Amino acid sequence: NGEMPETDTQTKGDIDYLVSLLARQQNTASIYTKANTAIIFNAFGEKKKAAEYVKSMMQYSVCTEEAGRYFDTPRAAYSWRNYRIPTVVAAIEAVNAVMPDDTPYVEEMQKWLLHEKRTQAWDNSANTADAIHAFFINRRKAGQDNTTDAKLFIDNTPVPAEGNGMT
């Protein structure tokens, strides 16, 4: 939720130490790592560093009218899950968390995800779940219908929402 959880003094010291280690890797970090580090910085109150990481990450992006915004750099390595989908999804999450008013970047990266679906495939469930998540990230912000509850079905049988984390 972007807020630092309440912690005891020892835990806070441990968190501060680990967050400080993240700051040391900016020049060598992959795009995926930069995105997730920005999210962590933002969550733990390092808003300025989070914004620096997002800006640094986006400097590696390329945008075309046809394909949208993506990362055409060795720093956006293909993952074990295939393609660069996890990197773009992490970047969408970072931009949304750190710079929530910067919807053009998010929309351009969502366009790239759709372009990838058309030209390649989301050939495993992890890529598909990531991509679907990325399309719903700024749904509330866009003023789209938020009154419809999500419904989960397994083999055409509805799964009750109570007690399964969906409510």
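Visitor: In what order do the elements of the chain run from the N terminus on?
Guide: They run α-α-α-β-β-α-α-α-β-β, which comes to six helices and four strands. Please keep in mind that this is a predicted model.

Visitor: How much of the chain is buried?
Guide: Of the 167 residues in the chain, 34% are buried. As for contacts between residues at least 6 apart in sequence, 58% join residues at least 24 apart.

Visitor: Let us turn to the charged pairs. How many salt bridges does a search of the whole structure find?
Guide: The search finds four. Among them is the pair of aspartate 16 and lysine 12.

Visitor: What makes aspartate 16 and lysine 12 a salt bridge?
Guide: Their side chains meet at 3.0 Å, N to O. The cut-off is 4 Å between a side-chain nitrogen of Lys or Arg and a carboxyl oxygen of Asp or Glu, so the pair qualifies. The two residues are four apart in helix 1 (residues 9-23), which means about one helical turn separates them.

Visitor: Why is aspartate 16 called partly exposed?
Guide: Its relative accessibility is 38%. Partly exposed lies between the buried limit of under 20% and the exposed limit of over 50%, so aspartate 16 belongs there. Lysine 12, with a relative accessible area of 35%, is partly exposed too.

Visitor: What makes lysine 111 and glutamate 65 a salt bridge?
Guide: Their N to O distance is 3.7 Å, and since the limit is 4 Å, the pair counts. This pair links distant parts of the chain, 46 residues apart: lysine 111 is in helix 5 (residues 103-119), and glutamate 65 is in the loop between strand 1 (61-64) and strand 2 (68-71).

Visitor: How do you know whether glutamate 65 is buried or exposed?
Guide: Its relative accessibility is 68%. Exposed means over 50%, so glutamate 65 counts as exposed.

Visitor: Which residue meets glutamate 108 in a salt bridge?
Guide: That is arginine 69, at 2.6 Å, N to O. Here helix 5, with glutamate 108, is linked to strand 2, with arginine 69, and the two residues are 39 apart.

Visitor: Which residues make the contact of helix 4 and helix 6?
Guide: Helix 4 brings Ile85, Pro86, Val89, Ile92 and Glu93, while helix 6 brings Asn127, Asp130, Ala131, His133 and Ala134. By class, that contact has six nonpolar, two polar and two charged residues.

Visitor: One last residue. Where does threonine 73 lie, and how do you know whether it is buried or exposed?
Guide: Threonine 73 lies in the loop between strand 2 and helix 4. Its relative accessible area is 11%, under the 20% limit, so threonine 73 is buried. Leaving aside neighbours within four places in sequence, threonine 73 is in contact with Ile31, Tyr60 and Arg84.

Notes. Residues numbered from 1 in each chain as written. Predicted model: local features only at pLDDT ≥ 70, side-chain atom pairs only at ≥ 80, totals over all residues. Heavy atoms only, no water. Buried < 20%, exposed > 50% of the residue type's maximum accessible area, 1.4 Å probe, protein only. Contact = heavy atoms within 4.5 Å. Nonpolar A, V, L, I, M, F, W, Y, C, P; charged D, E, K, R; others polar.
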